[in-house]
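Please open the structure in the viewer and keep the selection panel at hand. The stops below are meant to be followed in order.

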Amino acid sequence: MFKKTIKFLGLRLSIIIFVIILLVLAIVLGLMVELKDSYYITSNRESGYGRYDVMLEPMEQEKPAFVLEFKVQNKEAEATLKDTVAVALKQIEDKKYDT
């Protein structure tokens, strides 16, 4: 069976995975609307050496900032969800999304 793919941010993804990623991102951003009075919310912007999924930058300096990186677990390379989280954290650090 032929599997249709799409290129997204330099990755070749099946159309189903691409749609799921967009839906999850839309849901998460929708839930964050409640934070709009205290955080600047940006998505898929260039930062450091790549693109983060979502960044929450506080309007007040004393509040923490957040960088969110969404991952689909690669069961061949990541035995547990902790491994997947470690991959996401490494990407945030390696790509210097905080710069």
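Predicted model: local features only at pLDDT ≥ 70, side-chain atom pairs only at ≥ 80, totals over all residues.

**Around Gln91**

Now show the side chain of Tyr97 together with that of Gln91. The two side chains make a polar contact of 3.0 Å.

Before moving on, zoom out to consider the aromatic rings. How many aromatic pairs does the count come to? The count comes to 2. A pair of aromatic rings is described by the distance of the centres and the angle of the planes.

Select Tyr39 and Phe66 for one of these pairs. Their rings are tilted, with 6.1 Å from centre to centre and 50 degrees between the planes. The pair links distant parts of the chain: Tyr39 belongs to strand E3 (residues 39-43) and Phe66 to strand E7 (residues 66-68), 27 residues apart. Tyr39 is classed as buried because its relative accessible area is 10%. Phe66, by contrast, counts as partly exposed because its relative accessibility is 38%.

Next, select Tyr52 and return to Tyr97. Tyr52 and Tyr97 form an edge-to-face pair, with centres 6.2 Å apart and planes at 75 degrees. This pair, too, links distant parts of the chain, its members being 45 residues apart. Tyr52 sits in the loop between strand E5 (50-51) and strand E6 (54-58), whereas Tyr97 is in the segment after H2. Both Tyr52 and Tyr97 are buried.

**Lys63 and its surroundings**

Select Lys63, in the loop between E6 and E7. Which residues is Lys63 in contact with, leaving aside its neighbours within four places in sequence? They are Ser38, Tyr39 and Pro58; Tyr39 is the residue whose ring pairs with Phe66. To check the placement of Ser38, draw a distance between C-alpha atoms: Lys63 and Ser38 are separated by 8.9 Å, while lying 25 residues apart along the chain. Lys63 counts as partly exposed, since its relative accessibility is 30%.

Ile20 counts as partly exposed because its relative accessibility is 44%.

**The whole chain**

Finally, select the entire protein chain and colour it by secondary structure. The chain has 2 helices and 7 strands, which follow the pattern β-β-α-β-β-β-β-β-α along the sequence. Of its 99 residues, 23% count as buried. The chain exposes about 7700 Å², of which carbon and sulfur atoms supply 61%. Among contacts with a separation of 6 or more, 27% come from residues 24 or more positions apart.

How values were computed:
Residues numbered from 1 in each chain as written. Heavy atoms only, no water. Buried < 20%, exposed > 50% of the residue type's maximum accessible area, 1.4 Å probe, protein only. Polar contact = N/O pair within 3.5 Å; in protein donor to acceptor, adjacent residues only side chain to side chain. Phe/Tyr/Trp six-rings, centres within 6.5 Å; stacked < 30°, edge-to-face > 60°. Helix = DSSP H or I, 4+ residues; strand = E, 2+ residues; numbered from the N terminus. Contact = heavy atoms within 4.5 Å. Areas by Shrake-Rupley, 256 points an atom, 1.4 Å probe, with all protein chains shown as cover.
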